[in-house]
Amino acid sequence: MGKTVTIVRNVMEANERRAAKLKDFFDKERILCLNLMSSPGAGKTTLLERTLSDLAGEFKMAVIEGDLQTDNDARRVAATGAQAVQVNTEGGCHLDGSMIEDAVAELDMTGLDILFIENVGNLVCPAEFNLGEDHKISILSVTEGDDKPEKYPLMFHLSSVMLLNKTDLLPYVDFNLETASAHARKLNKDIQIFPVAASKNDGLAAWYDWLRHARAAKR
Amino acid sequence: MHELSLIESMLAIIREERQKHGMKRILRVRVVNGALSGAVSDSLAFGWECLTQEGDLQGVVLDIVDAPLKVVCGACGKPFVPEDAHYMPCPACGEILGHEIESGKELYIDEIEADIDDNDVADVAAPPTGD
């Protein structure tokens, strides 16, 4: 018969420690850090391309691109002139704190206003790993179905903003903006919801205003 | 989806605790998995089986205690245990929105049962000194 020792240690503690260190760093440097999460193909990279181009005159921005393989997205984002670093998770389903530490070491963080982290396309796992960000941002495209916040609650529960992307396709798909919004608000009554069509440059003004406010709050 | 890496994190914590407490042989580990932790208990059990088939933690039993979701009503403040994690009407006032999650997101190692080395001079290997 063995002796029982009480432990009570969070399985995620190693990541939480790293996230806390990153948060301290971003706070000290007054960098707004945003963790963008969505399914594959929801339009994270297109949204970033637009945002980086449209706000290039206002903010100094950089991007950490998370993908299983390839540096396609980092190249797309770098084409806007913003600094970009690619993290390949080699099959891993999410970014974690240690990957962000490595990526931050590769970036020139001096005078940076906003750091975007584009997480691995996945509605489940990324939400569980804090990266030291100020806000989590969910992007849901209308082709995915308006029940996604209900089916994948954690991501929407933790997000400050939900962008409903590809609204230009609404006439062709069975997606109700009200239903999706209601599901998300059920999980998170304060979530900000912006319907946009990033590839058509439509509806982005509200998103940009939100970014300006969030940025101002970090100063 | 990433239960294997969660098990790897657990094994690292267990090895640290083994050294800290001078455990000779670990018999059983108890983890608490909340209903909203995102980790599936069956997958944790399977991951554990895979990663403890051999090596220093071979044969250690994993007990998984499923912790229910507990919330506090966002309107009237009554604490309750919802039957469904997606639709949570308050039993007191009927409010569906804005509940505060009190517990259910946790995933932690609660306790470890082990033979502890309290000055045993039997011919057991010395506890590891490095990691």
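**Close-ups of a predicted two-chain model**

**View 1. Chain B at a glance.** In this predicted model, 24% of the 131 residues in chain B are buried. Chain B is built from two helices and six strands, and walking along its sequence gives the pattern α-β-α-β-β-β-β-β. Take the contacts in chain B between residues at least 6 apart in sequence: 70% of them link residues at least 24 apart.

**View 2. A three-stranded open sheet in chain B.** The strands line up in the order β4-β3-β5, with antiparallel pairing. β4 (79-80) and β5 (100-103) of chain B sit at the edges with a single partner strand each, so one side of each has no neighbour in the sheet. Zoom in on β3 (residues 70-72) of chain B and you'll find three bridges tying it to β5(B), in the antiparallel sense. For a handy landmark, look for B:Val71, whose bridge partner in β5(B) is B:Ile101.

**View 3. Where chain B meets chain A.** The contact draws 27 residues from chain B and 23 residues from chain A. Sort the chain B residues that touch chain A by type and you get 15 nonpolar, seven polar and five charged.

**View 4. Strand pairing across the two chains.** Here β1 (residues 3-10) of chain A pairs with β6(B) in the antiparallel sense, over six bridges. To get your bearings, find A:Asn10; its bridge partner in β6(B) is B:Tyr108.

**View 5. The two sides of helix α4 in chain A.** Helix α4 (residues 97-106) of chain A has A:Gly97, A:Met99, A:Ile100, A:Ala103 and A:Val104 buried. These residues cover an arc of only 150 degrees around the axis, which puts them on the same side of α4(A). Turn to the other side of α4(A) and A:Ser98, A:Asp102, A:Ala105 and A:Glu106 are exposed. What lies over the buried residues? The cover for α4(A) includes α1 (13-28), β3 (61-67), β4 (83-88) and β5 (114-118) of chain A.

**View 6. Helix α1 against helix α4 in chain A.** The axes of α1(A) and α4(A) come within 8 Å and cross at roughly 35 degrees. From α1(A), the contact uses A:Asn15, A:Arg18, A:Ala19 and A:Leu22, while α4(A) brings A:Gly97, A:Ser98, A:Ile100 and A:Glu101.

**View 7. Strand β7 of chain A, covered on both faces.** Five of the five residues of β7 (residues 161-165) of chain A are buried, so this strand is largely enclosed by the rest of the structure. A:Val161, A:Leu163 and A:Asn165 are on one side, with A:Met162 and A:Leu164 on the other.

**View 8. The partners of strand β7 in chain A.** Five bridges join β6 (residues 135-141) of chain A to β7(A), and the two run parallel. A:Leu140 has A:Leu164 in β7(A) as its bridge partner. β7(A) also pairs with β8 (residues 192-195) of chain A, in the parallel sense and over four bridges. In that pairing, look for A:Leu163 opposite A:Phe194 in β8(A). To get from β7(A) to β8(A), the chain goes through helix α7 (residues 177-187) of chain A, making a right-handed β-α-β crossover.

Definitions and conventions
Residues are numbered from 1 along each chain as its sequence is written. Chains are lettered from A and ligands numbered from 1 in the order in which they are written. This is a predicted model: local features need pLDDT of at least 70, side-chain atom pairs count only at pLDDT 80 or more; totals for chains, interfaces and linings use all residues. A residue is buried if 20 or more other C-beta atoms lie within 10 Å of its own, exposed if 12 or fewer, and partly exposed in between; C-beta atoms are placed from the backbone. The arc is that of the directions from the helix axis to the C-beta atoms. Two residues are in contact if their C-beta atoms, placed from the backbone, lie within 7 Å. Ala, Val, Leu, Ile, Met, Phe, Trp, Tyr, Cys and Pro count as nonpolar, Asp, Glu, Lys and Arg as charged, and the others, Gly among them, as polar. Two strands pair if DSSP finds at least two bridges between them. Axes are lines fitted to C-alpha atoms, for helices over the stretch in contact, and angles run from 0 to 180 degrees between N-to-C directions. A crossover is right-handed if, with the strands pointing away from the viewer, the path from the first strand over the helix to the second runs clockwise.
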